[in-house]
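The exercises below are to be worked with the sequence and the 3D structure at hand. Each task is followed by its solution in steps.

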Amino acid sequence: MKPYDLLILGPATRDVNIDYTGAEDRSVGGAVTFCTPAASAAGASVFAAVKIAAADADIMDVIALEPQDKALLDSKKTTLMRNEYFTPDRERRRAQCPAQSDPILPGELPDISYRLCHLAGLLYGDFPPELIEALHGRGLLSADAQGFLRHNEDGSLCFHDWADKRRYLPYMRFFKTDAAEAEILTGRSDRESAARLLCDWGAGEVMVSHNTEMLVFDGRDVYRCPVKARNLSGRTGRGDTTFGSYLAMRMTGHDVAESLLYATACVSLKMETPGVFRGTRADVEAYIRAFYTEA
């Protein structure tokens, strides 16, 4: 059987989002939830392994893949997230976590063949060291920094540096962080400088997301692409949509510049509508022609 391009591994969530007006929305969230449709739309073959409680199996219906292309990894609890946004652009928020799923253990990994496993984490503890060790060497590996920096401390979310970063960054063919997380990891507020240091520490390609642009450093060159969303009603899931589509493009033979352009256009289009990306590759390509083609 031909290997999947991507195994996307991580917890899904029940989310409560409260905007700056006080309006409340309940939805399914989590990095795996946003990465998967973006990667699939870009043309990659995707398998999603989702850590949730069996009682919340309806969440699997939100993962828009065929039944044979996804698996529920049972947990005592499903992660619950509460996000309260204080500004229209959703850049300032208070996040709380009333419940966290169990760690994913090596014995739970689906029996499939894949080229890249993406650790689509939410919280420290989602991916214990023994899992990372087990995945190392089975295929390429990528990760989102939030799964190693964001700690659930009695329901409050706190950010701490990743103690094992120097050990595990060399395992990561691709590594994604936002600007604030990059500063926690490196001590550098300049996004390019932070990306360069993360590569110096062993990561292959580093993406740093920001509300104005997406940046990638591949160990040699720096690539930038501006975000051109016309509104921010779909801000939630920005980084996961970007990275899911970027990984899909890279794993289907596209270079860094092509992949970054596609991924940034994809997330710009996605941010104009709440929820996961529901478009097609043709929709993203049309968006590129409309907003990214120089006159």
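**Exercise 1.** Determine in which sense strand S10 and strand S11 pair, and over how many bridges.

Solution. Step 1: locate S10 at residues 150–153 and S11 at residues 156–159; strands are DSSP runs of E, at least two residues, and helices are runs of H or I, at least four residues, both numbered from the N terminus. Step 2: the two strands pair in the antiparallel sense over four bridges, where pairing requires at least two DSSP bridges between two strands. Step 3: glutamate 153 is opposite serine 156 in S11. Step 4: S10 and S11 form a hairpin with two residues between them, and aspartate 154 in the turn has a positive phi of about 55°.

The model is predicted: local features need pLDDT of at least 70 and side-chain atom pairs pLDDT 80 or more, while totals for chains, interfaces and linings use all residues. Residues are numbered from 1 along each chain as its sequence is written, and side-chain values use heavy atoms, without hydrogens and water.

**Exercise 2.** Work out the strand order of the open sheet of nine strands.

Solution. Step 1: the order is S5-S4-S1-S8-S9-S12-S13-S14-S15, with mixed pairing. Step 2: the edge strands, each pairing on one side only, are S5 (70–74) and S15 (222–226). Step 3: within the sheet, S12 and S13 run parallel and are joined by five bridges. Step 4: lysine 176 has methionine 207 in S13 as its bridge partner.

**Exercise 3.** Identify the buried residues of helix H6 and what they pack against.

Solution. Step 1: in H6 (residues 191–200), Ala194, Ala195, Leu197, Leu198 and Cys199 are buried, that is, under 20% relative accessible area with a 1.4 Å probe, protein chains only. Step 2: these residues pack against S12 (174–178), helix H5 (179–186), S13 (205–209) and S14 (213–217); contact means heavy atoms within 4.5 Å. Step 3: at the start of H6, a side-chain oxygen of aspartate 190 comes to within 3.3 Å of the backbone nitrogen of glutamate 192. Step 4: just after H6, glycine 202 has a positive phi of about 125°.

**Exercise 4.** Describe how helix H8 and helix H9 cross.

Solution. Step 1: the axes of H8 (residues 256–270) and H9 (residues 281–291) come within 9 Å and cross at roughly 95°; axes are lines fitted to C-alpha atoms over the stretch in contact, with angles from 0 to 180 degrees between N-to-C directions. Step 2: H8 and H9 are therefore roughly perpendicular, the term for 65 to 115 degrees. Step 3: residues making the contact include Leu261 and Tyr262 of H8 and Tyr287 and Ile288 of H9.

Technical notes
Buried < 20%, exposed > 50% of the residue type's maximum accessible area, 1.4 Å probe, protein only. Polar contact = N/O pair within 3.5 Å; in protein donor to acceptor, adjacent residues only side chain to side chain. Parallel < 35°, antiparallel > 145°, perpendicular 65-115°, else oblique.
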